[in-house]
Structures are given as structure tokens and as C-alpha cells.
Amino acid sequence: MSVSAPVYPTRWRRPARMLRDRRWRLLVQGAALAYLVLALGSFEVEWSRVVEGLSRAQRFAHGFLQPDFISRWSDIRQGLIESLTMTLTATVVGVAISVPIGIGGARNLVPASVYGLCRAIIAVSRSLQEVIIAIFLVAMFGFGPLAGFVTLSFASIGFIAKLLADDIEEIDPRQVEAIRATGAGWWQVLHYAIQPQVMPRLIGLSLYRLDINFRESAVIGIVGAGGIGATLNTAIDRYEYDSAGAILLIVIAIVMLAEYGSSYLRRFLQ
Amino acid sequence: MGTERCRTRRSLLTSGETDVLDLQQLTKTYATGDTALRDVSFVVPRGQVVGLIGPSGAGKSTLIRCINRLVDPSGGRILLGDIDLAQVGRAELRRQRRRIGMIFQEYALVERLTVMENVLSGRLGYVPFWRSFTRRFPGRDIENAYRLLDRVGLLEHADKRADALSGGQRQRVGIARALAQEPALLLVDEPTASLDPKTSRQIMRLIIEVCDERDLPAIVNIHDVPLAQQFMHRIVGLRAGEVVFDGAPTALDETVLGDIYGAEDWSAMRREHEADRDAEEDTSRRLAEVAR
């Protein structure tokens with residue numbers, strides 16, 4: 001008996017990962033589409049209000065196109081100084097607190113109890129959005145940049161400690177093993193084997209957080225935590241869209257500056 | 001060469017006060033229930049370099065990591081001098097680890113530190129934290145670090161970052177770091193696994209030389225049997241966590257190697273080695289032709 005060459009198919013379709021049955025797939029897709037249509041239909045659109053809003057948008061746009069830096073300059077200046085001060089101090093304090101918590105949140109360095117505690121602190125800090133913390137802290141400390149400083153410090157902890165802890169968990173364990181094998185103590189292992197591996201990342205994260213804190217300082221000012229956000233809020237309340245436009249332009253310029261500055265600095269890492 | 005042979009014979013015969021390391025019924029069972037080592041016992045006298053051979057998974061790596069307790073053994077005794085390393089507490093373990101230098105498979109240098117810092121890290125067990133933190137090591141340590149870098153031929157690279165060096169150079173830094181500890185015992189884990197054949201021989205020769213200079217005993221995990229036969233004073237063969245051979249490199253014959261690696265795997269390894277050697281000879285011949 002002669003062996004014939006095997007016949008291979010000429011058509012191939014990517015196999016379905018979920019719901020292998022085609023009818024099920026169609027049903028689920030149809031249900032999702034129906035839900036989307038119904039959900040969109042539940043918004044009541046009042047066209048008169050939309051039209052009114054459009055004319056207001058026109059006034060915004062008009063104000064923003066002719067920004068007024070002059071007439072409220074002393075308010076803007078004070079808001080900027082407050083914002084920059086709370087951004088810098090909150091980042092420094094936040095990083096200082098984050099480093100020990102980040103180390104404690106790395107599973108490969110500490111016993112399970114410390115790990116659990118530090119990860120819990122991180123989770124609390126991360127689950128509370130800046131605006132919510134700011135509302136509470138303004139209620140506690142009153143209006144002004146102190147509430148903003150504490151808010152941003154607290155929010156920085158969740159961000160930096162988590163990313164630092166994750167980075168420590170991914171270091172090269174062989175370098176740690178080698179330093180441990182020399183008879184080094186825990187602190188020496190931390191300083192000689194772990195710090196060199198995570199330092200560039202920590203500096204990068206801190207610079208990035210500096211950016212974020214400045215942007216957030218503009219948001220939390222709106223709920224009373226001082227800074228440029230408070231100035232912006234006042235300007236909008238007074239229908240001074242030209243001053244508001246000026247403030248937004250300044251915020252954009254500073255964020256851009258921070259962006260270029262930090263990417264320039266990060267080039268020297270690694 | 002003659003003196004080396006002499007030492008080999010002497011080391012094999014003598015025992016008692018020249019013994020540095022005495023392993024007694026060393027056993028390691030992992031939490032998963034896998035037995036990595038079963039009743040491993042042997043003695044390493046001063047100045048002897050012992051090659052540990054065996055297929056991967058035989059427990060070579062576990063064995064040397066048990067000695068400095070990077071892995072905790074489940075049973076048995078590890079006598080370094082008259083101290084049982086299997087029993088010591090944390091603080092004493094740190095003190096004992098200073099006496100055990102270790103050289104690693106992929107060098108395990110701290111990549112972002114300078115060569116000098118890597119060598120000085122061998123002194124960490126001897127200096128207080130603040131001195132290591134501020135990099136103010138005692139003058140004697142620094143002088144010794146320079147001397148070791150000179151010995152391994154890297155004096156001019158002291159201020160480079162470790163990741164700027166080639167593989168062979170990195171392993172030389174690894175050797176200098178281990179020697180900076182002024183160890184009483186050297187543990188060497190596959191020192192040549194990530195190096196080319198020529199560099200492998202240079203590194204192996206350097207390890208043997210520094211051990212001879214200091215009368216330092218060493219245990220070398222090595223998967224390359226011909227390399228082990230060429231350089232080691234004595235061979236211990238491990239299979240499935242048990243010692244199946246212990247003797248002079250010359251006593252390693254086909255039967256013994258078949259026993260350690262399994263007959264089929266051993267002949268495959270030998271063929272591979274011969275192919276490597278032929279390729280290398282071919283390369284050097286062609287290089288010679290180019291030079292001419």
C-alpha cells in the first residue's frame with residue numbers, strides 16, 4: 001500500500017478564546033448592544049439647556065482666547081506660590097515616608113506581618129482619591145494650603161510606596177544572595193544589593209510624582225485646599241473667564257516645564 | 001604542575017587537623033517534599049579543590065548553598081573547623097559567612113556599583129553599617145582590594161561600573177570579592193557556565209591559582225567534566241542527591257561517568273564536548289592561518 005501525501009486544510013480561522021459556541025457569542029453581543037442603547041436612552045437631553053450651554057461655552061472660549069494675566073495678577077501670583085510650595089514640600093515628605101513603607105511592602109524583604117501592614121497603608125492611601133481626602137482635611141484644618149500639603153503627601157505615599165515595593169519585588173535576587181553570602185547584615189544588604197537596583201526607578205517616580213502633585217494642587221484648590229486651584233475657582237465664580245484662561249495657561253506651561261525637566265533629568269539615570 | 005600533584009596526593013591522604021570542612025549526613029528536603037540531598041558526607045582538607053559534578057537537578061547547587069546557609073539544611077552537620085554551621089543562630093551565621101567566600105554562576109555582581117564597591121562588599125561582614133554606608137572602609141581593606149584587583153588583572157578598571165565589563169572580567173571581580181573576605185573556604189557555583197571555552201579555562205586556572213597561593217580549600221560545582229578533570233584536585237560525583245563517586249580525577253572512567261550521568265546522557269555529553277573541541281581547534285587553526 002502506498003502512503004499518500006497528507007492533505008492540509010487551506011482555510012484557518014483564529015479559534016475563539018471565550019464562548020466557543022457561535023450562538024452564545026451572538027446572544028452576548030446582542031445583549032451588550034441592547035444595554036448600551038437603553039442606557040444611552042436613559043439620559044434626558046433637554047435641547048434648550050444644551051443650546052444655552054453652548055452660548056456659555058462660547059463665552060468661555062472667548063475669555064480663554066483673550067487671557068487676562070494683569071488684573072488679578074497678585075491673586076494668581078499668590079496662588080502659584082502656594083501651589084508650588086505645597087507641591088514641593090508634599091513630594092519631599094511623601095517620598096520620605098514612602099521609602100520605608102515601600103521597603104516594608106516588598107514581600108522578598110520582610111516578614112509577612114510587616115508586609116501586610118505596609119500593603120494595607122498603601123491600599124488605604126490609594127483607594128482615597130485626592131479630592132475626597134482634601135474635603136476631609138479642609139474640614140479638619142480649615143481652608144488653605146496646609147490641608148493641600150497634607151493631602152498631597154498622603155496621596156504620594158500610596159503612589160510611590162506601591163510602585164517602589166513592586167520594583168523591589170522584581171529585583172535580581174542573585175545580587176542579593178551574593179551580598180548576603182559575604183556576611184552582610186540586613187541594612188547592608190538593603191544598601192549594597194537593593195538600593196543600587198531600584199534607585200533610578202525611585203528618582204524617576206519622585207520626579208513624576210512632582211508633576212502629578214502640581215496638577216492635583218490645581219484640583220484640590222477647588223475644594224478649598226489653597227493654591228492655584230482656589231484662585232481658579234474664585235475666577236470662575238466671578239465669571240472672570242479671561243483670568244481663568246490665564247490661570248489654565250500658566251498651569252499648562254508649568255506642567256510642560258516639569259515634564260521636559262524631569263525627562264531631561266531622567267536621561268542621567270540608569 | 002609537579003607540586004600541584006604532590007599537594008593533591010597529600011590532601012587526599014591526610015586528615016585530622018588540616019580538615020577545614022566536614023560534612024556529615026547532610027540532608028535537604030524541600031517543603032514540596034522533594035529530597036535534594038540525602039546523607040551527603042565528605043571531608044575537605046586545607047588547600048584541596050573539590051569538583052562537584054553531576055547532572056542538573058542532582059543537588060550540586062543546593063549542597064553548596066547549604067554550607068553557607070543560603071539554603072537551610074533539613075538534617076546533618078556542617079563542621080567548619082569545630083563550628084557546626086547547621087546549628088548556629090543568626091548573628092553567629094553572619095560571622096561565619098565572612099569566612100566563606102562564594103563565586104557565582106552569573107557573577108552576581110551588583111551591576112550599578114563600581115568594581116571597587118563590588119570588591120569592598122566582601123568586607124561588609126567586618127565593618128559596621130555606617131562605615132559601609134559612607135564608603136569609609138578601613139585603609140587596609142582598600143589597599144587589599146587594590147592588591148586583589150591587580151592580582152586578577154583589573155587594576156585599571158576599579159572605578160568602572162560592574163555592568164561595563166565583559167563576562168570574563170566580571171567573574172574576575174567576583175573572585176576578587178570572594179577573596180576580599182579573607183575566607184577559610186571558597187564555594188564556587190558553576191563559575192564558567194556563562195563563559196566561552198577559552199575564558200572558562202582562564203577563569204578556572206585563576207581560581208586554582210588563588211586557592212594554591214592561599215592554601216585555600218574550595219568546592220566547585222561544575223557541569224563540564226573535561227574541565228573538572230583538567231583542573232580539580234578531587235572529584236565528588238552527585239546523583240539524585242547522593243554521593244556516588246569520590247576520588248581522584250584520574251579515577252573517573254566511562255563506567256563511573258555513566259553511573260553519575262546515566263549511560264545515554266553521558267555519551268551525548270561527550271559527543272557534544274568533542275564537537276565543541278573540534279570547532280574550537282578549527283577556529284584556532286583558521287585564526288593561525290589568518291595571522292600568517
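Author: In this predicted model, chain B holds an open sheet of six strands in the order β6-β7-β8-β3-β9-β10, and its pairing is mixed. The edges are taken by β6 (100–103) and β10 (242–247) of chain B; each has a single partner strand, so one side of each is left without a neighbour in the sheet. From one strand to the next, the twist averages 20 degrees.

Within this sheet, strand β3 (residues 49–53) of chain B runs parallel to strand β8 (residues 218–221) of chain B, and four bridges join the two. In this pair Val50(B) is placed opposite Ile219(B) of β8(B). A helix also covers part of the sheet: α7 (residues 167–180) of chain B lies across β6 and β7 (185–189) of chain B. Its direction is at about 170 degrees to that of β6(B).

Chain B has another open sheet, made of four strands in the order β2-β1-β4-β5, and here the pairing is antiparallel. Its edge strands are β2 (35–45) and β5 (83–84) of chain B, each of which pairs on one side only. Strand β1 (residues 19–29) of chain B is joined to β2(B) by seven bridges, the two running antiparallel. Leu23(B) faces Phe42(B) of β2(B) across this pairing, standing opposite that residue. Helix α2 (residues 60–67) of chain B lies across β1, β2 and β4 (75–80) of chain B, and runs at about 60 degrees to β2(B).

Chain B also meets chain A: 18 residues of chain A are in contact with 21 residues of chain B. On the chain A side, the elements giving two or more residues are α7 (173–181) and α8 (186–220) of chain A. That side of chain A divides into eight nonpolar, seven polar and three charged residues.

Further along chain A, helix α9 (residues 228–237) packs with helix α10 (residues 241–266) at an angle of about 155 degrees, their axes 8 Å apart. α9(A) and α10(A) are therefore roughly antiparallel to each other, an angle over 145 degrees being counted in that way. The crossing of α9(A) with α10(A) is left-handed. From α9(A), the contact is made by Ile228(A), Thr231(A), Leu232(A), Ala235(A) and Ile236(A); α10(A) supplies Ser243(A), Ala244(A), Ile247(A) and Val251(A). The residues of this contact between α9(A) and α10(A) comprise seven nonpolar, two polar and no charged.

Methods: Residues numbered from 1 in each chain as written. Chains lettered and ligands numbered in written order. Predicted model: local features only at pLDDT ≥ 70, side-chain atom pairs only at ≥ 80, totals over all residues. Pairing = 2+ DSSP bridges. Axes fitted to C-alpha atoms, helices over the stretch in contact; angles between N-to-C directions. Contact = placed C-beta atoms within 7 Å. Nonpolar A, V, L, I, M, F, W, Y, C, P; charged D, E, K, R; others polar. Parallel < 35°, antiparallel > 145°, perpendicular 65-115°, else oblique. Left-handed = near helix turned anticlockwise from the far one by under 90°.
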